[in-house]
Amino acid sequence: MILLDGKATSAAIKEEIAQQVDQLKSKGAKVPHLAAILVGSDGASQTYVNAKVKACERVGFESTLIELPADTTEDKLMETIDQLNNDDAIDGFIVQLPLPKHIDEDKVTLRVAPHKDVDGFHPENVGRMALGLPTFLPATPNGVMEMLGRYNIETSGKHCVVIGRSNIVGTPMSILMSRNSNPGNSTVTLTHSRTANLKEVCLSADIIIVALGKPKFLTADMVKEGAVVVDVGIHRIEDSSKKSGFRLVGDVDFETVAPKCAAISPVPGGVGPMTIASLLQNGLKAVLKN
Ligand code: NAP
């Protein structure tokens, strides 16, 4: 069984990006400057944003974190987005999700200028992705593609089942896996909460990408021998044996599923670190304009 080590793969990608940033610096060219807007003080969001800022610093990007209080109005957030859209020093930015309930996330996604949308969430960029045109690819699904590519996992002609159809993970994942590319060229089944016979569908899969947000949902009886399983889920569950009082698990019951797999990504240390590496790749794209 091959462990798809997202931590090591992400470190290798970051090293490549750092080298490209050094080359830009030595030519006197602009280095990428990314910004993040964080509204409110949700603990998980703060952790994610801090990890992104730290990753920017590690590869030599400039970064700006704009923290707004939880009661920020939608108008004020739009104003802040417009400032970043119009600031030539900023090459790309993200608005950390989820946002407080009184703010419409769809409106926010639409307001970010597509050429600065390093999250790849704007409909223009999603459309370009679907058509196979150059664009910012959404970080988590693209991180999974990088992982499969760097481990030389054969995807062409394989049956790939994606569990979950969210706009940020499952749906773009299904598009990327079905594109005429390498990795890609899979025959994709996109499943969701209304899918009938999910177990049977999964048992016919060569590759299962799990992103439904339910701890340890995918169990060994749903996986055929020799399948490749990628776990996108992240959950904190209580664990009194840990100093912190919790541990991280994914959407896959790793202990029972892993022995059946040809390859599997762990949680933590799988897709999570790949997501950040992928965001940095978009940051570099924003400056290189390719
Ligand atoms: P989401 O927006 O809540 O979407 C969940 C999807 O799963 C929905 O499409 C839902 O179907 C489907 N679903 C729910 N129950 C199901 C069931 N019993 N059988 C089949 N499908 C079911 O979640 P998300 O934002 O995509 O995130 C999914 C997971 O990935 C979460 O654990 C999240 O924390 C994690 N995540 C990790 C990263 C990372 O960097 N590693 C990034 C993003 C998200 P319906 O559409 O029918 O409701």
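Student: Which residues line the second largest cavity?

Tutor: This is a predicted model, in which local features need pLDDT of at least 70 and side-chain atom pairs count only at pLDDT 80 or more, whereas totals for chains, interfaces and linings use all residues. Residues are numbered from 1 along each chain as its sequence is written, and side-chain values use heavy atoms, with hydrogens and water left out. A cavity is a set of points, on a 1 Å grid over the protein atoms alone, where a 1.4 Å probe fits but cannot get out, and its lining residues have an atom within 4 Å of a point. For the second largest cavity these residues are Leu34, Ala35, Ala36, Lys52, Val53, Cys56, Ser63, Thr64, Ile94, Val118 and Leu279.

Student: How many nonpolar residues does the lining of the second largest cavity have?

Tutor: The second largest cavity holds about 80 Å³ of space, a volume being the space filled by probe spheres set on grid points that are joined across faces, edges and corners. At least two lining residues come from each of strand E2 (33-39), H2 and strand E3 (62-68), where helices (H or I, at least four residues) and strands (E, at least two) are DSSP runs numbered from the N terminus. In the classes used here, Ala, Val, Leu, Ile, Met, Phe, Trp, Tyr, Cys and Pro are nonpolar, Asp, Glu, Lys and Arg are charged, and the others, Gly among them, are polar. The lining has 2 polar residues and 1 charged residue, and the nonpolar count is 8.

Student: Which elements give two or more residues to the lining of the largest cavity?

Tutor: The count comes to 2 cavities of 30 Å³ or more, and in the largest cavity there is about 110 Å³ of space. Its lining includes Phe93, Ile94, Glu105 and Val108, and by class has 7 nonpolar, 1 polar and 3 charged residues. The elements that give two or more residues to this lining are strand E4 (92-95) and helix H4 (105-111).

Student: In what order do the strands of the 3-strand open sheet stand?

Tutor: Two strands pair if DSSP finds at least two bridges between them, and 7 bridges join E2 to E3, among whose partners are Ala36 and Leu65. The edge strands, each pairing on one side only, are E3 and E4, and neighbouring strands are turned by 15° against each other on average, direction ignored. The pairing is parallel, and the order is E3-E2-E4.

Student: At about what angle does H2 run to E3?

Tutor: Axes are lines fitted to C-alpha atoms, for helices over the stretch in contact, and angles run from 0 to 180 degrees between N-to-C directions. Helix H2 lies across E2, E3 and E4, and to E3 it runs at about 160°.

Student: Is H1 oblique or parallel to H2?

Tutor: Helix H1 (residues 6-26) and helix H2 (residues 43-59) pack with their axes 8 Å apart and at an angle of about 55°. Contact, meaning heavy atoms within 4.5 Å, is made by Lys14, Ile17, Ala18 and Val21 of H1 and by Ala55, Arg58 and Val59 of H2. Angles under 35 degrees count as roughly parallel, over 145 as roughly antiparallel, 65 to 115 as roughly perpendicular and the rest as oblique. The angle of about 55° therefore makes H1 oblique.

Student: Which strands stand at the edges of the 6-strand open sheet?

Tutor: This sheet has parallel pairing in the order E1-E11-E8-E7-E5-E6, and E1 pairs with strand E11 (residues 261-264) over 2 bridges, with Ala263 as the partner of Ile2. Each edge strand has a single partner strand, so one side of each is left without a neighbour in the sheet, and these strands are E1 (2-3) and E6.

Technical notes
1 Å grid on protein atoms, 1.4 Å probe; cavity = no way out; pocket = protein on both sides within 12 Å on 5 of 7 lines; lining within 4 Å.
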